[in-house]
Every structure is written in structure tokens, then in C-alpha cells.
Amino acid sequence: MAGEKRKGLQLLDFWVSPFGQRCRIALDEKALPYEYLEQDLGNKSELLIRSNPVHKKIPVLVHDGRPVCESLIIVQYIDEAFSSSSSLLPSDPYARAQARFWADYIDKKVYDCGTRLWKTKGEPQQQARKEMVEILKTLEGALGDKPYFGGDEFGFVDVAFVPFTAWFLTYERFGEISVEKECPKLAAWAKRCGERESVKKNLSPPEKVYEFIATLKKKFGIE
Amino acid sequence: MGETVKVIGAFDSPFSHRAEVALCLKGVPYELLLEDLGNKSELLLKHNPIHKKVPVLLHGDRAIPESLIIVEYVDEAFQGPPLLPADPFDRATARFWARFLDDKCSTPFWLSLWTEGEVQQGFMKEIKGNLKLLEGQLKGKRFFGGDTIGLVDIAASGFAHWLSVFEEVAGVTLATPEEFPDLCRWGKEYTSHDTVMQCLPDRATLLARFTAKKDIFVSTVKSMAPK
């Protein structure tokens, strides 16, 4: 299809999405200017559907008119297409495999379990609470005593997980999980990441996340 | 490098095959350690404590689980023909379709085999729709990777070799050459490739083993299918 390909970077996103925030953080870490395009997920735009015809989901990074989909794929793309600035992934193949493993683990476990924490009640919610504590403890184990998941530098796994730290308050209030109490090292890591400009700028304030979920709960009739 | 390479795998598993074929394509010799998935070994549980699944690649003292992560590791750790393209956008596209296979194809495929009636029809429609999307990525090329086998071919290998075996056991037809001409042509190309054939499990053996396990497969579905 001919026609003008818009130059530069655009991010199709939704304000509270932790997946979108991964991309925003990565772009800022690389000091890459981009146009942020907030999407109405209840009424998806032609641009979104055209850019992600398979999943019709955000985030989508459009670079010189070409779309890249799936947040972790986008972050790796940003790292590889703009390789002159500091890397998000380590250079050693085994360290890279470990980074991909933990990012994949976060993808498989955190969002789904977190959703069940606020969407369910009674027995299923108890189960979700138990699972979330296990997930957080596992991640805390992977962090160990290092300042960041990758070691001394903020990197891929930190980018993958840090947006979910804005959800800790929501987990606490709806799921009765205290990350501070259960996983103090993880809580400390969250604070440490929160001091970075890219994170400060792009994470939703925890109270806003809580309000958003509270509104959704009312909408779904979950009290 | 000279360090020992082993794959903890399973005879029946297309995921296990992904790890093996990546090593074969790079010309890396390895030892295959076959697991009895009904009775998992200490070695497997030690090296994949989180997911407890095959395959796991052991390279020297390093353990790498998750088949697609293994393929990227093999591509980066060993010399030999590249399994991913060089261009970042093409790499992102390859990763997208590899993930699509795992996230959108595995489950509806499995459910379309062992459910019945309207529920089965629903899953069959879903998997066929997704296979059509995947087929669209071939665009007349020999392989998804172009002239040579790449990440997406490896990720899709289950649909090259295992698909017809499962169709036969389940008595279900999902991908005919009439409906999926490119995909079926690709399947033949893949399974007749010299290097791939070194690590493909024998079809007749797969058929016999899956036929014997049919009741178990049907029972797995009862806990998976949404209410």
C-alpha cells in the first residue's frame, strides 16, 4: 500500500495500562521522542484496528508507519532499533534468556491473578490472594539482593514489572495483600525504581489505579 | 565453546522438538534426556522449578526453560545460520507470530480435538481462523523465515508434523490442502527438510502413543473448557 508513511514514533495506548507503560518507560529510558495517542477502548479507532488487526489491542508502537505489537516485543524492538543508546537487555546470551524468562513469567502470572483479586469474591478470591503472594515471593527470590532484576542497572525485567507496582495499593485494598509486609525487598525495589525519571513520569498514581478499578467493579456489579 | 549441551525433553512433545531443531540447525551436538512426564525426574524439577515443564536446555552449568526462549538463546549463543532475521522490525514480526502460536493457537487447537458438538464447532472455527492468519504470513515463501527455517517455522512445527496425527486420533479434520494450500505445502517442506528429519519423532510411534492416551486427552479438556 503506497501513500505517505508517517515518520517518527507514535504510541497507541490507554492511560492506565501497565503494558502501555512498559513502552513509555522504555522510550523515555532511550530518550526517544514520540507522539502519545490515547485510545478509546470502548470504541476502537480505525488506526488501532489497522495497526493491530490480529488482536486489536494496545499498546502498539508505530515507527515510520510500521506497527509493532505486544508490549514485551515492543520493548525489545526499541532496544534493538535504537541500539546506540544504553541497552535494556544485557549482552550475554544467558543473561538475556534469564531476562526473557522473568518477563515472560510476569506476563503469564501477574495481570491475570491481579484481575482475579478484584473481580472475584469468597473462595476464588482467597485462591487468587494465595497465588499472588506466591508470585510476588517468587519474583522477590529472582531479585535477591540485587538493586535491580538484571543486577546493577535498570533493565528489561524491571521495565516489565515496574508498572504493576502502581497496582500494589489496589491489591492491598481489594485483595488484602500488603506487599510491604509479604515482600519487603520487592517493596524496596519498587521505591528505588520510582525514583527514576522514566518511571515517575509514566506510572499512574496508585490512587488513580484504585479509583479506576473501583469504577470498573461498580460497572460489573462486583461489590 | 566445548561445553556439554543436553536437552531435557519428551518424545511426544512438539515443544521439545523446537529446542532440538534449533540445535540441529546450528550443527550443535547434544544429548537428549527423555522424560516420563507422568513421573518427572529430579533433574527436570531442579532445572525448571517454576514451570516443571519440558523442554529445558542445559548448556554447561546453565539451564534455560521455555521453548521459544531456548530457540533465541541457541541463536545467540552458537554460531551457524541465523534463526531470527537481522532487521529489528522483521525480528519483532517473527516474535509476534511465534507468540501468536503459543498464545492463540495451542489451546483452541487442543480443545477442538477433544470436545464435542457445538462447543467443538466453536473451537474449530477459532483455530481455523487463527491458522488462516498464520498462513497469510507465508506469502508464497518456502518457509516463514524465507528460504531458510526460522523462529516462526520452529514455533509452528507442531502444525507441520503433529497436526495430522492428532486429527487422525481425534477423528477431526482441521487443515485440508484445499482450505490451507500454503500451510499444507509448508508443512511438507518443513517435515522433509534434511536437518529437521534428524529430530522429528517417528509418526507411526506418535500415532500409536496418542491413540493409547486418547481417554487421558479427553479428560484434560474437561478442566480447561470454559463453563
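This is a predicted model: local features need pLDDT of at least 70, side-chain atom pairs count only at pLDDT 80 or more; totals for chains, interfaces and linings use all residues.
**Exercise 1. The interface of chain A and chain B**

Describe the area that chain A and chain B bury between them, and the side of chain A that touches chain B.

Solution. 
- Step 1: Count the residues: 23 of chain A are in contact with 24 of chain B.
- Step 2: Take the area. The size of an interface is often given as the accessible area lost when the parts come together. Here the two chains bury about 2200 Å² between them, and 70% of this is on carbon and sulfur atoms.
- Step 3: A:Ile73, A:Tyr94 and A:Phe101 supply 25% of the area that chain A buries against chain B, more than any other three residues.
- Step 4: Count the polar links. The rule finds seven salt bridges across the interface, and seven residue pairs in polar contact.
- Step 5: Assign the chain A side to elements. Those giving two or more residues are β4 (66–69), α3 (71–81) and α4 (93–119) of chain A; α4(A) gives the most, with 10 residues.
- Step 6: Sort this side by residue class: 13 nonpolar, three polar and seven charged.

**Exercise 2. Charged and buried residues at the interface**

Name the partner of A:Asp104 in a salt bridge, list the members of the salt-bridge network that includes A:Glu80, and state what B:His51 touches.

Solution. 
- Step 1: A:Asp104 pairs with B:Arg99, and their closest N and O atoms are 3.6 Å apart.
- Step 2: The network links A:Glu80, A:Arg96 and A:Arg100 with B:Glu72, B:Glu76, B:Arg91 and B:Arg95.
- Step 3: B:His51 sits in the loop between α2 (42–47) and β3 (56–59) of chain B. Its relative accessible area is 15%, so it falls under the 20% limit and counts as buried.
- Step 4: Residues up to four places away in sequence are not counted; B:His51 then touches A:Phe101, A:Tyr105, A:Lys108 and B:Glu66. A:Phe101 also belongs to the three residues of Exercise 2, step 3.

**Exercise 3. Salt bridges within chain B**

For the salt bridges B:Glu3 with B:Arg62, B:Asp102 with B:Arg18, and B:Glu135 with B:Lys132, work out which parts of the chain each one joins.

Solution. 
- Step 1: Over all chains, the whole structure has 35 salt bridges.
- Step 2: In the pair B:Glu3 and B:Arg62, the closest N and O atoms are 2.7 Å apart. B:Glu3 lies in the segment before β1 (5–9) and B:Arg62 in strand β4 (residues 62–65) of chain B, so the bridge ties together parts 59 residues apart in sequence. B:Glu3 is partly exposed at 31% relative accessible area, while B:Arg62 is buried at 14%.
- Step 3: For B:Asp102 and B:Arg18 the N to O distance is 2.9 Å. This pair links helix α4 of chain B, which holds B:Asp102, to helix α1 (residues 14–25), which holds B:Arg18; the two residues are 84 apart. B:Arg18 is buried, with a relative accessible area of 4%.
- Step 4: B:Glu135 and B:Lys132 meet at 2.6 Å, N to O. Both are in helix α5 (residues 117–135) of chain B, and because they are three residues apart, about one helical turn separates them. B:Glu135 is buried at 6% relative accessible area, whereas B:Lys132 is partly exposed at 40%.

Methods
Residues are numbered from 1 along each chain as its sequence is written. Chains are lettered from A and ligands numbered from 1 in the order in which they are written. Side-chain values use heavy atoms; hydrogens and water are left out. Contact means heavy atoms within 4.5 Å. Buried area is the accessible area (1.4 Å probe) that two parts lose on being put together, summed over both. A salt bridge is a side-chain nitrogen of Lys or Arg within 4 Å of a carboxyl oxygen of Asp or Glu. A polar contact is a pair of N or O atoms within 3.5 Å; within protein, one must be able to donate a hydrogen and the other to accept it, and residues adjacent in sequence count only if both atoms are side-chain atoms. Helices (H or I, at least four residues) and strands (E, at least two) are DSSP runs, numbered from the N terminus. Ala, Val, Leu, Ile, Met, Phe, Trp, Tyr, Cys and Pro count as nonpolar, Asp, Glu, Lys and Arg as charged, and the others, Gly among them, as polar. Buried means under 20% relative accessible area, exposed over 50%, partly exposed in between (1.4 Å probe, protein chains only).
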